[in-house]
Amino acid sequence: MKNKLVVHNTLTKKKELFTPIHKDYVGLYVCGPTVYGEPHLGHARPAVTFDLIFRYLQHLGYKVRYVRNITDVGHLENDADEGEDKIAKKARLEQLEPMEVAQFYIDSYHIAMDMLNVKRPSIEPRASGHIIEQIEMIQKILDKGYAYVSEGSVYFDVEKFDKNYGYGKLSGRVLEELFSNTRTLDGQDEKRNPADFALWKKATPEHIMKWSSPWSVGFPGWHIECTAMSTKYLGEHFDIHGGGMDLLFPHHESEICQSTIANGVESVKYWLHNNMITINGQKMGKSLGNFITLNEFFTGNHALLEKKYSPMTIRFFLLQAHYRGTLDFSNEALIAAEKGMNKLYAAFETLSRLKINDTPTEKAHLDWVERCYEAMNDDFNSPKVIAELFEATRLINLAQQGAIHFNHEEITEFKRNFELFFFDILGMKRENAENNNQDLVEQLMQLILQIRQQAKTDKNWEIADAIRQQLNTIGITVKDTKEGATWEKDVN
RNA sequence: GGUCUCUUGGCCGAGUGGCUAGGCACCGGUCUGCAAAACCGUCUACUCCGGUUCGAAUCCGGAAGAGACCUCCA
């Protein structure tokens, strides 16, 4: 399994066999959030995507160091490097310390990610905590002659880089074309070339997030943090760098420039990019103002939402599309995802209660497991895995009806693999997994169902229906089957 | 304008040079006191036009439409 994983590398635009730089170890760096707003569905996509990747790599037996940064400085407002720091602007508006704003949104992000059952990364470094590393790296780039100081700011010399190393290999950008078509921006005069990007920016007097540096009191440029932090925690050469497609240019392209000069090597072996969420065919993003926050999904409190959607519904919805494709939001699609997901949870419950039949099985019912592995090995094809879980569900239901039979060994394997893919790899949250009252609840439910059965035998439909109705009210669904009544707890 | 990507049925979404993706919805049936679930079955596809091929939704070319990026965004 382990040596069959194929990943799509944005750098080569091809699927490549995944072989880690150091046997059995994987370094994974993902661009995390800029914390100046409530986390929205767009933030959930890379988080869930790389959570899936993190989980699967671990399942394959790799020891993974997963680094996901938090950008709490240096991200500028407006279209130019001349803008005001986003965090600082928000802070002034709300009369708060910048770090207070950052902390507030970091907490919001963590809460939302926990609800989505996204595993915390191994290290979650903050840009503000790595100013020294960033300054050191800028100095290195200056020493090597690929940056220049201008008015207290430091800029990367893109033209020189292009001449010697070739600029734009990740995004397919050609430098000359960037010149001719670049927008006219304010304050470009400090730069020798409009394509140059800031490594360090001198702070204006009213700028409140600033640090001392050899060049000025200021703050680091947007791109340098990821290069500095990935180098610090994963080394100069590491396996996977991920993030949203919108970061491809200029952010990741700039990272390549920085690491190539500062470290002398191109640091990343595989670039992985998740696609965007769209809403009415348009990208959901902060700038367009068409985003829906995760909390709004969880509470249903948004004009575009017909109802509330549980965190697991959101997660399942995201996993039902391949991470490299766009995914269009709609109530209809979310409701469909929710129903499908509930079907899988119900099937898992049924699986636990399935009667074992030790008559010899005509054929094994585990083909789907192999297909799940094939799907995951093919660039993490979660929608295919989900399709296979539905196939497994069909088998479970057939078994419950006695149409097919599982022997003891087979049912153990079946259950183990269903749990593996649904809970461990897709990362769907287990409901009541470590509930110690499980047995008690089961016995109480059996008692209630027996009473109801007696009422039914007596044709006392009022009592029978009342029991079912009231159980329904507290989130338990009763189903009458040929074999007698069964029950299940509603998800959410 | 430049670069790139996409276009699958009512909706969402996989995929492969020839074999049903899957889910949701709809319709019919089995089951059923009713309900729900489940199961069985039916029904809608591969944007258009050329080319390659015994055979293309799948490869190539062109057109149309949509989207992303072009120093804010995940």
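In this predicted model, the buried residues of helix H12 pack against strand E1 (6-9), H1, helix H13 (382-400) and helix H14 (408-425). H12 itself spans residues 367-377, and its buried residues are Trp-368, Val-369, Cys-372, Tyr-373, Ala-375, Met-376 and Asn-377. After H12 comes Asp-379, with a positive phi near 55°.

On to the cores. The largest nonpolar core holds 82 residues, and Phe-297, Ile-314, Phe-380, Phe-421 and Phe-422 touch the most other members. Helix H1 (residues 41-59) is the top contributor here, giving 10 residues. Both domain 1 (21-274) and domain 2 (279-425) put at least three residues into this core. Leaving aside residues up to four places away in sequence, Ile-314 touches Leu-41, Leu-116, Leu-294, Phe-297, Phe-298, Tyr-309 and Leu-334. There's also a second, separate core of 25 residues, with Tyr-29, Leu-170, Leu-234 and Leu-247 among them.

| Cavity | Volume | Top contributor to lining |
|---|---|---|
| Largest | about 70 Å³ | H1, 4 residues |

The largest cavity lies between domain 1 (21-274) and domain 2 (279-425), because both give residues to its lining. That lining includes Arg-45, Leu-318, His-322 and Phe-380, and divides into 7 nonpolar, 3 polar and 1 charged.

For the second largest cavity, the lining divides into 3 nonpolar, 4 polar and 2 charged. Helix H7 (224-234), helix H8 (248-263) and strand E10 (268-274) each supply at least two of its lining residues, and Glu-255, Glu-266 and Trp-271 are among the lining residues.

How values were computed. Residues numbered from 1 in each chain as written. Chains lettered and ligands numbered in written order. Predicted model: local features only at pLDDT ≥ 70, side-chain atom pairs only at ≥ 80, totals over all residues. Heavy atoms only, no water. Core = buried A, V, L, I, M, F, W, Y, C linked by side-chain atoms within 4.5 Å. Buried < 20%, exposed > 50% of the residue type's maximum accessible area, 1.4 Å probe, protein only. Domains from an automatic or database assignment. Contact = heavy atoms within 4.5 Å. 1 Å grid on protein atoms, 1.4 Å probe; cavity = no way out; pocket = protein on both sides within 12 Å on 5 of 7 lines; lining within 4 Å. Points joined across faces, edges and corners; volume = space filled by probe spheres on them. Nonpolar A, V, L, I, M, F, W, Y, C, P; charged D, E, K, R; others polar.
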